[in-house]
Amino acid sequence: MRHFALGLVVAAVLGVTNVATAQQAITIRAGTLIDGKGGVQRNAVVVVDGKRIGRIGAGESDHVTYDFARLTVLPGLIDTHVHVGGHFGKDGRASTPGETPAEEALYAAENAYTILMAGFTTVQSVGAPIDVPLREAIARGRLPGPRLLTSVYQLIDTRLTLDEVRQFVRKAVADGADVIKIFASKSIREGGGQTLSDDQVLAACSEAKALGKRVWVHAHAPSAVRAAVFGGCTTVAHGSQISDAEADLMAEHGVFFEPQTGLLLQNYLENKARFLGIGNYNEAGFKFMEDGIALNDAMFKMAIRHKGLKINMGTDAVAGAHGQNAREIIYRVQKGGQPAMDAIVGATSLNAEALGLQSEIGSLAPGMAADLIAVDGDPLTDITALQRIVFVMKGGQVYRNTAAAK
Ligand SMILES: [Zn+2]
């Protein structure tokens with residue numbers, strides 16, 4: 001029981017700690033184990049060997065390092081769409097005039113920490129240049145944060161020639177991008193109509209593919225979604241205006257669909273005063289967002305009827321939303337009517353697949369990275385358990401353990 005006394009956020013204060021040595025495996029008993037791929041085991045023991053899962057067996061009465069007999073263990077959660085640097089500045093507003101690069105970096109590090117403590121062990125930021133040093137800092141192993149992937153830049157400019165579009169992609173990759181992010185439509189605050197031409201989308205996707213990179217496409221209008229699918233992109237984000245036809249098309253082409261229903265717009269509305277008056281965060285923009293909630297609800301209910309559609313979990317978390325990422329999963333179940341297991345798979349193994357990391361993260365099985373969390377309750381019967389994170393391990397390192405207090 002001694003390990004339980006380590007308590008909360010030891011890692012943040014003392015640097016990353018690990019109770020086991022390289023020779024000594026960590027064992028974790030799970031009252032319920034959700035493997036991330038649709039499987040459930042009762043009373044399982046996970047053996048962690050260094051940074052990876054060694055094996056998972058039936059839990060007998062043997063002594064374990066962490067006894068979570070009354071908890072549920074899952075793969076670390078994954079969010080495929082955050083803006084990790086997004087924050088409210090010194091005046092509490094989303095614009096941050098006069099902020100120094102050092103201040104900006106520390107806000108981003110705060111967000112990374114908050115996200116990890118909320119049980120998200122991998123996130124994709126789409127994305128800003130500041131993500132790159134943050135990604136490297138976290139990877140060094142001292143700064144607590146999720147595994148971080150980034151697009152570094154976002155392609156928005158519709159005036160680029162096809163050659164310039166390809167140059168943009170090459171520069172992003174050269175500057176460290178894990179993924180390419182493009183806007184094929186306007187913001188929802190401006191109606192969401194298509195912006196980049198079909199040819200520009202195709203040029204971006206083709207160039208990225210040639211360089212072995214995935215493409216994330218912001219698209220609301222049906223025509224923008226179609227451009228993304230025919231362009232060969234990996235994922236369509238948002239899709240608020242799609243119908244059955246686009247859902248079928250994405251399913252047919254194996255394109256991931258990442259809708260936002262439960263956190264993005266709600267967070268903007270909850271923090272309206274902090275955004276209002278900045279760029280397109282005007283009254284008209286907020287009206288679009290207010291109306292967007294019902295639109296997204298209906299769209300999501302439609303989308304889950306398409307059984308072949310790969311609906312993955314990305315929140316588009318901006319300032320104010322970091323650490324609340326699980327709200328999207330919960331909303332999908334409670335309001336969207338998605339089965340809890342599907343929603344959990346969407347945030348674990350399916351998300352890993354959307355990131356091209358399915359052999360590394362997103363499920364609990366021998367050989368996978370030891371990214372796992374424990375929650376108080378069974379999310380299959382009460383999805384809000386995902387907000388009751390009591391244990392976070394990433395790559396075999398324990399970053400959070402409040403099990404003793406339970
Ligand atoms: Zn976004």
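Contact means heavy atoms within 4.5 Å of each other. The model is predicted: local features need pLDDT of at least 70, side-chain atom pairs count only at pLDDT 80 or more, and totals for chains, interfaces and linings use all residues. Residues are numbered from 1 along each chain as its sequence is written, and side-chain values use heavy atoms, with hydrogens and water left out.

**Exercise 1.** Find where Thr-195 lies and what it touches.

*Solution.*
- Start with the loop between β8 (179–183) and α5 (198–210); Thr-195 lies there. Helices (H or I, at least four residues) and strands (E, at least two) are DSSP runs, numbered from the N terminus.
- Next, leave out residues up to four places away in sequence. Thr-195 then touches Thr-158, Phe-183, Ala-184, Ser-185 and Lys-186.
- Look at Ser-185 again. The side chain of Thr-195 reaches its backbone nitrogen at 3.2 Å.

**Exercise 2.** State the strand order of the open sheet of 7 strands, and name its edge strands.

*Solution.*
- Read across the sheet: β3-β2-β1-β4-β13-β14-β15, with mixed pairing. Two strands pair if DSSP finds at least two bridges between them.
- Now take the ends. β3 (52–58) and β15 (397–401) are the edge strands, since each pairs on one side only.

**Exercise 3.** Describe how β13 is joined to β14.

*Solution.*
- Count the bridges: 4 join β13 (residues 372–375) to β14 (residues 389–394).
- Check the direction: the two strands run antiparallel.
- Pick out a facing pair: Leu-372 stands opposite Met-393 in β14.

Terms used
Polar contact = N/O pair within 3.5 Å; in protein donor to acceptor, adjacent residues only side chain to side chain.
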